[in-house]
Amino acid sequence: MTIEPRRLTTAAETALAVRFAARDFSGEPAALAERRRAAFTAFGATGLPNRRVEAYRYTDLKAALPDLAAAPAAAVVPAGRVWDFGGLAAHRAVFVDGRFDAGLSDLSGLDGAVTVRRLSEAGFAGVGTLAGELSGTGGDPVVQLNTALFDDGVVVDVAAGASVSQPLAIVHVASGAPVCGFSRHVVRVGAGASVRVIEHHSGPDGVAYQASSLVELDIARQARVLWTRLQEDGHQAVSLGGAAIRLGEGAELQSLSVVFGGLLSRNQGVVHFAGPHARAVFETVTLVDGRRLADATLTVDHDVPDCTSRERFRAVIDDAARSVVQGRIEVAQDAQRTDGRMMTQALVIGAQAEAINKPELEIFADDVQCAHGATSGRLDENAVFYLRSRGVPKAEAEALLLEAFLAESIESFADEAVAAVLSQRLRALLAGRRARGTIGEAA
């Protein structure tokens with residue numbers, strides 16, 4: 001006789017069930033309402049993932065979310081709280097606590113080849129389709145929750161053959177209220193088009209808010225996308241982000257993800273090559289301190305031949321913080337001549353800091369070039385001594401070395417204007433910590 005263990009329901013899971021039960025699906029297509037119900041039913045069978053779930057072994061959400069923050073209400077955020085990304089975010093859709101804010105948004109000057117509509121205005125077209133189709137995503141409890149509970153978002157369509165010179169920004173700002181918001185965005189890039197997208201998440205320190213945001217990105221044949229994601233949520237926030245990505249024949253995606261904020265952050269992605277001769281490059285930069293945790297999880301699915309993927313993760317971990325990198329490259333039997341490479345690199349400068357690297361390869365084809373590697377270590381004492389011997393104070397010398405380590409990934413990004421802005425942001429952040437004398441000290 002087999003006795004199934006009883007799953008204990010936490011206060012957060014009960015609150016999620018109450019919130020879902022209170023939803024009104026009357027304004028949504030029947031197919032989406034059914035998808036939402038199926039997603040929450042699947043979530044209800046497992047609940048929030050804990051360390052027994054392999055994909056969440058190092059990021060225990062059940063323990064991190066004992067309670068659920070309240071649902072967002074109408075909130076007013078001063079325009080000064082919305083950073084213009086060094087002038088690059090002039091065209092922006094702004095969400096406050098996961099809900100669209102028309103007053104803070106500015107889509108008036110967009111190229112006519114780009115249309116941006118709220119999900120409700122677009123009839124929720126395509127929402128959930130891509131996330132459900134891609135292997136490994138539809139069954140994820142965080143994705144299930146987002147599918148069941150997202151309140152708002154945009155559908156972005158880029159016309160075939162268009163070359164959009166100015167970036168489009170999708171900006172998430174936390175109001176400062178302790179709330180829990182869910183958002184979903186769908187971005188569809190037509191054949192042969194080219195577009196730059198900036199995704200920015202920010203919020204105040206000292207507020208225990210929670211945010212979940214998922215992007216469904218469909219890149220048609222021969223299209224090119226430069227995608228930047230900057231996460232600067234408050235240091236008491238739980239930030240759950242992700243992307244489901246599909247690349248058509250000859251398509252190209254270059255992605256830069258920078259993580260500076262959040263008490264607990266997890267950015268997970270699933271990438272599917274749907275046509276040959278496509279290319280995807282991912283750079284992830286993480287700087288965490290205190291007792292914060294940053295999780296970067298990425299699965300790249302090579303299902304067709306002649307595709308290329310590059311993934312590089314760089315992290316600086318101070319105090320008692322933890323960096324988690326879970327990267328996986330899957331190569332199907334028919335995906336001959338795949339070229340996939342993954343590298344994780346971490347500088348552990350805190351006495352209790354921890355770097356967890358888990359790169360994986362699963363290969364069923366025989367004509368491939370695939371590799372993965374992982375390194376972690378301390379600052380080079382000889383390099384610090386060299387700078388100090390030339391009159392550079394110790395704290396400044398360490399900050400310069402940390403900046404050089406992380407800036408290499410930022411500066412390799414194809415969007416030079418974005419890279420320059422983010423390099424300045426990194427420099428200012430390290431300068432502030434150097435001024436406070438907090439680099440390398442115990443939490």
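Which residue forms a salt bridge with Asp151, and how far apart are the closest N and O atoms? The partner is Arg23, with the closest N and O atoms 3.1 Å apart, a salt bridge being a side-chain nitrogen of Lys or Arg within 4 Å of a carboxyl oxygen of Asp or Glu. The model is predicted, so that local features need pLDDT of at least 70 and side-chain atom pairs count only at pLDDT 80 or more, while totals for chains, interfaces and linings use all residues. Residues are numbered from 1 along each chain as its sequence is written, and side-chain values use heavy atoms, with hydrogens and water left out.

**Salt bridges**

- By this rule the count comes to 27 salt bridges.
- Asp151 lies in the loop between helix 5 (141-149) and strand 4 (154-158), and Arg23 lies in the loop between helix 1 (11-21) and helix 2 (30-46), so the pair links parts of the chain 128 residues apart; helices (H or I, at least four residues) and strands (E, at least two) are DSSP runs, numbered from the N terminus.
- Asp151 is partly exposed, with a relative accessible area of 29%, where buried means under 20%, exposed over 50% and partly exposed in between (1.4 Å probe, protein chains only).
- Asp218 and Arg246 meet in a salt bridge of 2.7 Å, N to O, which joins strand 8 (residues 210-219) to strand 10 (residues 238-247) across 28 residues.
- Asp218 counts as partly exposed at 24% relative accessibility, and Arg246 counts as partly exposed at 23%.
- Glu362 in strand 18 (residues 354-363) and Arg328 in strand 16 (residues 322-331) are 34 residues apart, and their salt bridge has its closest N and O atoms 3.1 Å apart.
- Glu362 is partly exposed at 30% relative accessibility, whereas Arg328 counts as buried at 19%.
- A network of salt bridges links Glu283, Arg312, Arg314 and Glu408.

- Nine strands form an open sheet with mixed pairing, in the order 3-4-6-8-10-12-14-16-18, two strands being paired if DSSP finds at least two bridges between them.
- Strand 3 (114-118) and strand 18 stand at the edges with a single partner strand each, so one side of each is left without a neighbour in the sheet.
- Strand 16 pairs with strand 18 in the parallel sense over ten bridges, and Ile356 in strand 18 is the bridge partner of Val324.
- Helix 5 packs on the sheet and touches strand 6 (180-189), strand 8, strand 10 and strand 12 (264-273), contact meaning heavy atoms within 4.5 Å.
- The direction of helix 5 makes about 90° with that of strand 6, where axes are lines fitted to C-alpha atoms, for helices over the stretch in contact, and angles run from 0 to 180 degrees between N-to-C directions.
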